[in-house]
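I opened a new notebook page for this structure. The entries below follow the order in which I looked things up.

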Amino acid sequence: MQDSIFCDFKPPLNSQTAKIEASRCHYCYDAPCIQACPTEIDIPSFIRKISNGNLRGAAQDILSANVMGGTCARVCPVEVLCHSACVREVGEGKSVEIGLLQRFATDQFFEGPPESTQNLFERAPLHGKKVAVVGGGPAGLSASHRLALLGYAVTLFEARSKVGGLNEYGLAPYKVTSEGVQQEIDWILGVGGIDLKLNCALGTDVSLDSLRTEFDAVFLALGLGGVKKLGIPGEDQPGVFEASRFIEKIRQTTRIADLPVGRSAVVIGGGSTAIDIAIELKCLGAESVTIVYRGSEEKMSATLHERELARTAGVVICTSGRPVRILGNASGVAAVEFERTDRNAGERFELVANQVFKAIGQTLAVDAEVLRSIGLKGGRISVGNPGEIKPFETAIPGIFAGGDCIGLGEDLTVTAVQHGKLVAYAIHQSLFKEKSGDINYGRSHLSNRRGEITQSFLAGFSTANG
Amino acid sequence: MKSPNPFWLASAPPTDKQINVERAFRAGWGGAVWKTLGEDPPVVNVCSRYGAAEWNGQKLMGFNNIELITDRPLDVNLAEFKEVKRAWPDRALILSLMVPCQEESWKSILKKIEDTGADGIELNLGCPHGMSERGMGAAVGQVPEYVEQITRWCKNYTRMPVFVKLTPNITDIRLPARAAKKGGADALSLINTINSIIGVDLDRMSPTPHVGGKGTHGGYCGPAVKPISLNMVAEIARDPETRGMPISGIGGISDWRDAAEFLALGSQGVQICTAAMHYGFKIIGDLTNGLSNWMDTQGYRHLEDFVGKALPNVVHWHDLDLNFKTVAKIDQTQCIHCGLCYVACEDTSHQSISVRREESGSSKIRRSIYEVKESECVGCNLCALVCPVECISMVQQETGIGYLPWSRHPQNPKFKYGGNLTEKVKDAPYKGPKSQG
């Protein structure tokens, strides 16, 4: 990966700047930032630990609530999550840099010696129950880690040759580099008790029925591997790409110079993927990159911060344009024709493009037939809501689902991680039939070596069941 | 004694050499107390010498040193001193001295400095480290009899004004102050540094600053010691036996406001060291400008207009009005909902602040609303002190009942035992050196 092109767009803190930034945290009681964090990281506590030089403790606070705290520090839309809730944002319009501090704490931790990183958490002794986790993305990894800590023998099935899911294949390199992702995943799997089955896809290599019989519980963390189609003429010609597949290529290629980059590109969509591909194309040398979204700018799911990033990179954002057809010539794509959807509805316009990127959303990649028995709703797996009787459980008892493949979250890495964590607790509760209030997670195995219980574990559970 | 402004550099590393003092005077400092001179051969200093207490990212919140007095020969110091004084006649230039506690030593050094042109001498009876183990500094400053004796010797052998610099490492600062006055001192300087270990290096398992892995106690100063010094200055300024004695206030003064507080409690001038060691001599501009602007705003034309002005309001605890009442008031429009007031009151004080989650608004986040339970509030100030945005004010309550001090309070045991206990424990007045009866 060419680091010079895809270097951090926001430089990390160093120990001095981290200390100064940490000192801005008021250590709020009932801190609103914790409420705003989908994984409920005890943010004031980890920041205070940065202040007083207990970086390992800071990492403990973060990783006990969010096992992918390092990645989330980079990819979370903090401006709509923790930063938006920070009392400094309320008071002075400038939040504490929670994301950068979280990154500092986790980076320092992962860069530490193995004896420091590998024994942060200890697994409970195996109690004999087995869980199959299908899908090695953020939700699957998070659940596997938590289940392993709870004493389960976990088998993690991954259709591809590497685990990580969107973290490995889908995150734009300007946000997080491959090395960082791999380090975090290695650490997660390093907890032990997780048997990894790579290149093993649901429906083709392993059936849901066999998993249901072989394991005490199954967690489907399938993600959304498929890409929605535009359904317009010209979509299948050369030069039309699925944005998420292209990002995957950027991440996985060894020779970035070989990637095809056109002079002018049109990106269709309004979410984070559209922003990511547009910025990456500018990094790769595209002369003009235009994002076209069918609605108004306020309706885009990309945050203001993301849109500003894109514009700073030289991307043009064009709204209220619905693609009608993709025009081609002998050498491939030539232009895209759009129809206006605003007050000039019906009016058409064309944008010249050598490449077109589709970023209008993802779909379940697993054959619907395989999943039919467990019930789909709106193209996603339907499950019990968190906080209800059978959180994250599908219509088939013992089969759970979470992450992007269910319709409950915001399709963020951080929500997938939280789902994984909550599913682990839900499975634990269903198998041991304990009431949420008196589940004994075994303090020793949810604690660090000194036997201190990490409150966040229990906090996560009480939210789901409380 | 006159100086262009009340800000002097204290006897310390910044005043050890001509080059330092002249840089300070060029920057605008009103005076300087030259780093303490001793008998030849000069002392030898160690490496390293300073340690600091940081707080929440702020450097030099507290500062500590294990440096001794000047390590340069006496004649070198005196030659430089004379040159500086000649070049800067309008500045106050004081010589600090420390020699063994014997009449001959003091007599001899005073003779050597007589023709330096110094505006006065300051007796260093306060250094708590290194020199005190040799029977000087704090070792004599802690014994009022010695303080009086040395002061008297000096008054006998010099025509120069004598400042006695007091050590805070003592139970009652009034005793050495009274002794200095009895010995004939013209003025008091206080405080010298506080005996301390500034920290422990947990890797070396050694106190800091370390000298080859070993450390020792040193003298503590900097912003953290200001409150201790303010109290000692007020104690002396209020003491009937020392009232009116000129005081040069020292201890953690970093800005004009600190200085104004010392002056309000009765110091006629102040001495500064740590702030200069932290930021350089340029801060004098900030000090003089700040004090001057504040005086203009207040309508004070001269320092005398406000020196000691806060003293009448420093009273014994038992003269405070037990009927005075304030309650906290939270300005909800300024509140940022951090909850620090609530948890401080709930966990550690009087459970006088209520908390409730606001009704669910448009946002996913439901902020907590904090309100004072006025009937429970004892007006302790804690919430207002911890509030990071200062949205809590302490509002005075009309009680409708008059002044009631402890001495007249029905719960005062004097009514039970038939006497005023507080009066019985008053300090025995200082009687003077035993040898002199």
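How many residue pairs are in polar contact across the interface of chain B and chain A? I found four, both residues of each pair being at pLDDT 80 or more. I took a polar contact as a pair of N or O atoms within 3.5 Å; within protein, one must be able to donate a hydrogen and the other to accept it, and residues adjacent in sequence count only if both atoms are side-chain atoms.

Ground rules. The model is predicted, so I noted that local features need pLDDT of at least 70 and side-chain atom pairs pLDDT 80 or more, while totals for chains, interfaces and linings use all residues. Residues are numbered from 1 along each chain as its sequence is written, chains are lettered from A and ligands numbered from 1 in the order written, and side-chain values use heavy atoms, without hydrogens and water.

Interface, elements. I looked up which parts of chain B touch chain A. Both α11 (340-348) and β17 (368-372) of chain B supply at least two residues each; helices (H or I, at least four residues) and strands (E, at least two) are DSSP runs, numbered from the N terminus. The largest share, three residues, comes from α11(B). I sorted this side of chain B into eight nonpolar, four polar and four charged residues.

Interface, extent. Contact (heavy atoms within 4.5 Å) links 16 residues of chain B with 15 of chain A. The two chains bury about 1400 Å² between them, 56% of it on carbon and sulfur atoms; this is the accessible area (1.4 Å probe) lost on being put together, summed over both. In chain B, the residues losing the most area to chain A are B:N56, B:I336 and B:I365, together 33% of what that side buries.

Interface, charges. I counted one salt bridge between the chains, a side-chain nitrogen of Lys or Arg within 4 Å of a carboxyl oxygen of Asp or Glu. A:D30 and B:R357 form a salt bridge through their side chains, at 2.8 Å from N to O.

One loop residue. B:T193 sits in the loop between β8 (187-190) and β9 (194-196) of chain B. Is B:T193 buried or exposed? I noted it as buried, because its relative accessible area is 12% and buried means under 20% (1.4 Å probe, protein chains only). The side chains of B:T193 and B:N192 make a polar contact of 3.4 Å. Beyond four places in sequence, B:T193 has contacts including B:N65, B:P168 and B:Y220.

Technical notes:
Ala, Val, Leu, Ile, Met, Phe, Trp, Tyr, Cys and Pro count as nonpolar, Asp, Glu, Lys and Arg as charged, and the others, Gly among them, as polar. Buried means under 20% relative accessible area, exposed over 50%, partly exposed in between (1.4 Å probe, protein chains only).
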